[in-house]
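Here's a quick briefing to read alongside the model. Have the sequence and the 3D view open as you go.

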Amino acid sequence: MRVKMMAAALTGLLAVSALAGCGGKDDAGSGKDDGKLVLGFSQVGAESGWRTANTNSIQTAAADAGIELKFSDAQGKQEKQIEAIRSFITQKVDVIAFSPVVTSGWDSVLKDAKDAGIPVILTDRAVDSQDKSLYKTFLGSDFVKEGTEAGNWLVKQNEGKTTPVNVVELQGTVGAAPAIDRQKGFAEAIKANPNITVVKSQSGNFTRAEGKTVMEGILQSTPKIDVLYAHNDDMGLGAIEAIEAAGKKPGKDITIITVDAVKDGMTALADGKINFIVECSPLLGPQLMDLAKKVHAGETVEPRILTEETTFTQEQAKAALPDRKY
Ligand code: GYE
């Protein structure tokens, strides 16, 4: 009996110290407390140049802010993200942040985090949860606006013209906020111009490899393509390879519009292979660390924090490239 009780007490003690240790506080074993805020971050994956720059920004900013970052890469899979978030809850991290691969299916795990008293921050991408109390804030771009900027530029290029303009759209990951919203914003912007039509719209999953293979197929099935609108630079760059292999000149025979403005995209823009890029900033790290500290301290933060961004023409890309950080 006594032995059993002691064993139970010891198990309890071990569990408590393990949890406290993982939280970065009161390390019962050594009696030390490094006082560091522990942030669990679940990243989408490494699908694009944007994502790599975003990961670098978050890792550097955490180190600079003295935050202990538990970084988990979901390799583009929602199940892996849910698993990572559940593990952060078990480890009792101080704050959880994640960039949701798709918008739906998060309610249950977010509720678990809330019940555990761990604040959640959405970065980069949104969720479609109706219950806004499941997360503290959403830090990231206005993707609808990005789509609108892309469409507005195309409308402007065709001002006063009535000849048909056939657009091919390469969408991002199906069900992801930037894919849904960039499609929506673009469609709204071109709506009043019946001569501008999206003749084909297919997902290239935000990767260069899929952008290339999907474009190869489209080039074969679609005889007249005037414009390519790709939801990110990487798919656009993959498509450029396919266009060149088909004996056409990207940026001349086919006008190309992309979103992100990462270095490779900006280089292709300056070289005349892309015609217009809408910027989407991946440098969310410093703001994320700031928000993590605030929500951990119980401060109220704005529910929606927008990233500032611009657009680039070929001339503007040439001027901006030397100072481009990513
Ligand atoms: O545009 C794309 C990446 O969610 C804003 O995801 C991000 C997008 C970005 O793979 O390149």
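**At a glance**

Of the chain's 326 residues, 49% count as buried (under 20% relative accessible area, with exposed meaning over 50% and partly exposed in between, using a 1.4 Å probe and protein chains only). Keep in mind that this is a predicted model, where local features need pLDDT of at least 70, side-chain atom pairs count only at pLDDT 80 or more, and totals for chains, interfaces and linings use all residues. Residues are numbered from 1 along each chain as its sequence is written, and side-chain values use heavy atoms, with hydrogens and water left out.

**Overall build**

- The chain has 11 helices and 12 strands; these are DSSP runs numbered from the N terminus, with helices being H or I of at least four residues and strands E of at least two.
- Take the contacts (heavy atoms within 4.5 Å) with a separation of 6 or more: 73% of them are between residues 24 or more positions apart.

**The nonpolar cores**

- The largest nonpolar core has 64 residues, and Leu 39, Ile 96 and Leu 288 touch the most other members. A core here is a set of buried Ala, Val, Leu, Ile, Met, Phe, Trp, Tyr and Cys residues joined through side-chain atoms within 4.5 Å.
- This core lies between domain 1 (30-141 + 282-308) and domain 2 (143-280), because both give residues to it; the domain bounds come from an automatic or database domain assignment.
- Another core, of 30 residues, lies apart from that one, and its members include Val 168, Leu 228, Ile 254 and Ile 277.
- Leaving aside neighbours within four places in sequence, Leu 39 is in contact with residues including Ile 67, Leu 69, Val 95, Ile 96, Leu 288 and Ala 292.

**The cavity**

- A search of the whole structure turns up one cavity of 30 Å³ or more. On a 1 Å grid over the protein atoms alone, a cavity is a set of points where a 1.4 Å probe fits but cannot get out, while a pocket is an open set with protein on both sides within 12 Å along at least five of seven lines; lining residues have an atom within 4 Å of a point.
- The largest cavity holds about 90 Å³ of space, a volume being the space filled by probe spheres set on grid points, which are joined across faces, edges and corners.
- Its lining includes Glu 47, Trp 50, Arg 51, Asp 124, Arg 182 and Phe 206, and the elements giving two or more residues are α2 (49-65) and α6 (177-190).
- At least three lining residues come from each of domain 1 and domain 2.

**The pocket**

- The largest pocket has a volume of about 190 Å³.
- Among the residues lining this pocket are Trp 153, Leu 154, Gln 157, Lys 161, Asp 226 and Asn 275.
- Helix α5 (residues 143-157) gives the largest share of the pocket lining, three residues.

**Spots worth a look**

- Asn 205 has a positive phi, near 55 degrees, without being a glycine; Phe 206 likewise has a positive phi, of about 65 degrees.
- Asn 205 sits in the loop between β7 (196-203) and α7 (208-221) and is partly exposed, at 28% relative accessible area.
- Phe 206 is in the loop between β7 and α7 and is buried, at 4%.
- Leu 237 is in helix α8 (residues 233-245) and is buried, at 12% relative accessible area.
- Leu 237 and Ala 268 are 31 residues apart in sequence and 7.9 Å apart in space, C-alpha to C-alpha.
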